[in-house]
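Open the model in your viewer and keep the sequence panel beside it. The stops below run from the whole chain down to single residues.

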Amino acid sequence: MRKEILLEGKRAIVTGGGTGIGLGVAQELLDAGAKVLLLGRREDVLQEAVEKLGEGASFYQADLTDFASLPGLFADIDREFPIDILVNNAGINLKGPFLEYSPEEFDRVVAIQEKAVFFVTKEVAKHMTKRRAGSIVNISSLSARLGMPANQAYTMCKGGIVALTRSLMVELAPYHIRVNSVNPGYIYTDMIKKINVNTPERLVIMEEATPLGRFGTTKEIGMAVAFLASDAASFITGVDLYVDGGHGFASRI
């Protein structure tokens, strides 16, 4: 591995890093030499993830939608674990017909998918600006680009994350903080495995929608994040990097 892609001596936080894409990202950051702190709500899931990841990984249980607690939380973390890299990955998706969607469902999605990203990034950036260095990577979604039914709240939030990335890119650049987003396509996670068991025909449709003809892996998303967090991407900021096998730009004609 080229030295520019190594993350030796760096400290990274991955929100929602206990499963799926977040766990894959954490593994690749570790493999590149970083120490990684997982943030999430479920202690048992985080503990299991840290045991899988091994040396260099740790976790902190926290509710990122408890917005009043975030300033103190990140002040405490940064004293012991000065944050060089933030990966905003935590999220939920409550699908449902648009005409039947409730305010309560909407608020739940927005709280974690958008509001938490905004205020977590704010608190981490306070400490990064003092050190005049840092890399922030937001995990977006193909739904921010493609029209998908029964998915409007999630889609709105992910589109907002891309817009936030570009706005923060401008505001934080004077502090040498880079802000980018990664836009995964269909990635083979536990959620996809459940589809494989219940409705395997959907897997065929998903693969056929991807020009490369297969699902992506959490490792491939993790490698993209590690690249953006590293010095190999030192002149890259404000980018929404598609890691989707060509899906987001494929003609449906």
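What follows is a list of selections, each with what is there.

This is a predicted model, in which local features need pLDDT of at least 70, side-chain atom pairs count only at pLDDT 80 or more, and totals for chains, interfaces and linings use all residues. Residues are numbered from 1 along each chain as its sequence is written, and side-chain values use heavy atoms, with hydrogens and water left out.

**Whole protein.** Select everything and show the C-alpha trace, which spans about 50 × 45 × 40 Å along its principal axes. The radius of gyration is 18 Å, in agreement with the value near 18 Å for a compact globule of 253 residues; it is taken over C-alpha atoms, and the globule rule is 2.2 Å times the number of residues to the power 0.38. Switch to cartoon: the protein has eight helices and seven strands (DSSP runs, H or I of at least four residues for helices and E of at least two for strands, numbered from the N terminus). Buried residues make up 45% of the 253; buried means under 20% relative accessible area, exposed over 50%, and partly exposed in between, with a 1.4 Å probe and protein chains only.

**Helix α1.** Select residues 20–31. Nine of the 12 residues of α1 are buried, among them Ile21, Leu23, Glu28 and Leu30. Gly33, which follows α1, has a positive phi near 110 degrees.

**Helix α5.** Next select residues 152–172. With 21 residues, α5 should span 30 Å, and its end C-alpha atoms are 30 Å apart. Its buried residues include Tyr154, Cys157, Lys158 and Leu172. Show neighbours of the buried set: it packs against α4 (103–131), β5 (134–139), β6 (177–184) and β7 (240–243), where contact means heavy atoms within 4.5 Å.

Most residues other than glycine have a negative phi. Which phi does Arg132 have, although it is not a glycine? Arg132 has a positive phi of about 55 degrees. Arg132 lies in the loop between α4 and β5 and is partly exposed, at 43% relative accessible area. Then select His176, in the loop between α5 and β6. His176 also is not a glycine and has a positive phi, about 60 degrees; at 53% relative accessibility, His176 counts as exposed.

Methods:
Expected span 1.5 Å × (residues − 1).
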